[in-house]
Amino acid sequence: MPPRSNPTVRQARLGSELRKLREAAGMAAREAGAFLGGNQAQISHIEAGRWGVSAERVRRLATLYSASDARLVDALCAMADERVRGWWEGYQGVLAPGFLHLAELEHHATYLRSLNVVNVPGILQTEEYIRAIHRSYRPVLPAEEVDARVEFRLRRRSIFERAAPPPFHAIIHEAALRMRFGGRKIAKEQLDYVLEASEWPTVTVRVLPFTCEEFIEATDAPLYAGGVVPQLDTVQLDSPMGSFFLGDEAKLNRYRQLLDIADRLSLNESESRQAIHHIAREL
C-alpha cells in the first residue's frame, strides 16, 4: 500500500502506542515485521502512522507483545477500524493540518478540559471575536483564509449538538475575560455567549480571578482531551508556531496537575457566572 505522506495525529498515535507495546516487550522491529510476514520497514511505517493497519493485525501484534491491558488493546483495534470521514476533512488543502487534527481530537474525546489566560477557548468564541483576533495576525492573513478559519472554528462547536456531547470543563483567567478584542461591543457579546454556554448541560466554566496569589504557568493554552482509556489522552497546545500534540505520560501528568491546580484555585460555577456578569457590566 502507498504510505501516507501526512498521517493525522490520531493515526500517528495508534502507531506510537503499538511501538510502546513492542518496546515494553523488548522485541526488535525486525522480529515484529517477520511475524507479520514482512520486514523492519513495514513495522516502522506502521509505527509512524504512514501505513494503515487492520484491527486483526493490531490484535495479533498485541498478542505477540503479551499486552495484558485488554481495554487498551480494544481501543487500539477500534482506532484501526475507523472508516468515518469527519467534516474537517473537507478543509484539507484549505487550512493547515493542525486545524484538522484539533477537530478530529475534539470529535473523539470522551471529555475536554482547557485553561486559557489570554482569550476565551476557541470552541466558545463568537464569529466577530474570532475575526477580531485574526485581524491582529502578522503578516496579515488573506480575507479568504480568515473566512475559512472563522467557519472552521464555529463548526468545531458541533460536538455540543450531539446526542451525548463530551463534558467540557473550561477554566478562563480573568485577564482573558477583560481583553477587549474588537472593542467593547464585541467583547461584551463574547462574554454573554460564554455565560450562555456555561448553562449548557455538559459545559462548566470556571473563572481564575486576579486575586489568585499562586502562579499558573499556562501561556500555551492547553486543551486536554480524554481518550477512551487514559493511555490515549492527548494535550493540544496553541502557539504562534502552530498546534502541538502531546501524548507521553510524563507530559500528560504535568498538564493534569496544572489543570487540577487551576481548578482548585478558581471560583465555583455560581461565583464564576457572577464574575463574568460583573465584567460585562463594566464594559
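**Figure 1. Cover of helix 7 in the predicted model.** Helix 8, helix 9 (174–178) and helix 10 are among the elements that cover the buried residues of helix 7. The structure shown here and in the following views is a predicted model. Helix 7 spans residues 127–135, and its buried residues are Tyr129, Ile130, Ala132, Ile133 and His134. An α-helix has 3.6 residues a turn, so residues three or four places apart point the same way.

**Figure 2. Packing of helix 10 against helix 12.** Two packed helices are described by the angle between their axes and the distance between the axes. For helix 10 (residues 184–197) and helix 12 (residues 269–282), the angle is about 165° and the axes lie 10 Å apart. Angles over 145 degrees count as roughly antiparallel, and helix 10 and helix 12 are therefore roughly antiparallel to each other. The crossing of helix 10 past helix 12 is left-handed. From helix 10, the residues Lys188, Leu191, Asp192, Val194 and Leu195 take part in the contact, and they meet Arg273, Ile276, His277, Ile279 and Ala280 of helix 12. By class, the residues of this contact between helix 10 and helix 12 comprise six nonpolar, one polar and three charged.

**Figure 3. Packing of helix 1 against helix 5.** Helix 1 (residues 9–24) and helix 5 (residues 70–81) cross at roughly 145°, and their axes come within 10 Å. Helix 1 passes helix 5 with a left-handed crossing. On the side of helix 1, the contact is formed by Arg10, Leu14, Glu17, Leu18 and Leu21, which meet Leu72, Leu76, Met79 and Ala80 in helix 5. The contact of helix 1 with helix 5 holds seven nonpolar and two charged residues, with no polar residue.

**Figure 4. Aromatic pairs around Phe160.** Across the whole structure, a search finds 10 aromatic pairs. In one of them, the ring centres of Phe160 and Phe168 are 6.0 Å apart and the ring planes stand at 40°, so the pair is tilted. Phe160 is buried, with a relative accessible area of 13%, and Phe168 is likewise buried, with a relative accessible area of 3%. Phe160 also pairs with Trp200: the centres of these rings are 5.5 Å apart and their planes are at 55°, so this pair is tilted. The pair of Phe160 and Trp200 links distant parts of the chain, 40 residues apart. Phe160 belongs to the loop between helix 8 (143–155) and strand 2 (168–173), whereas Trp200 belongs to the loop between helix 10 and strand 3 (203–208). Trp200 is partly exposed, with a relative accessible area of 22%.

**Figure 5. An aromatic cluster.** Trp87, Trp88, Tyr91, Phe99 and Phe152 are linked into a cluster by ring pairs.

Figure 6. His173 is found in strand 2 and is buried, with a relative accessible area of 16%. Apart from neighbours within four places in sequence, His173 contacts Asn116, Val117, Leu208, Pro209 and Phe210. Ala175 is placed in helix 9. When residues up to four places away in sequence are not counted, Ala175 touches Val117 and Phe210.

Figure 7. Most residues other than glycine have a negative phi, and most peptide bonds are trans. The peptide bond from Arg138 to Pro139 is cis, with omega near 0°; Pro139 lies in the loop that runs between helix 7 and helix 8. Ser66, although not a glycine, has a positive phi of about 55°. Ser66 is located in the loop between helix 4 (55–64) and helix 5, and at 60% relative accessibility Ser66 counts as exposed. Ala221 is not a glycine either, and has a positive phi of about 45°. Ala221 has its place in the loop between strand 3 and strand 4 (223–226).

Key
Residues numbered from 1 in each chain as written. Predicted model: local features only at pLDDT ≥ 70, side-chain atom pairs only at ≥ 80, totals over all residues. Heavy atoms only, no water. Axes fitted to C-alpha atoms, helices over the stretch in contact; angles between N-to-C directions. Helix = DSSP H or I, 4+ residues; strand = E, 2+ residues; numbered from the N terminus. Parallel < 35°, antiparallel > 145°, perpendicular 65-115°, else oblique. Left-handed = near helix turned anticlockwise from the far one by under 90°. Contact = heavy atoms within 4.5 Å. Nonpolar A, V, L, I, M, F, W, Y, C, P; charged D, E, K, R; others polar. Phe/Tyr/Trp six-rings, centres within 6.5 Å; stacked < 30°, edge-to-face > 60°. Buried < 20%, exposed > 50% of the residue type's maximum accessible area, 1.4 Å probe, protein only.
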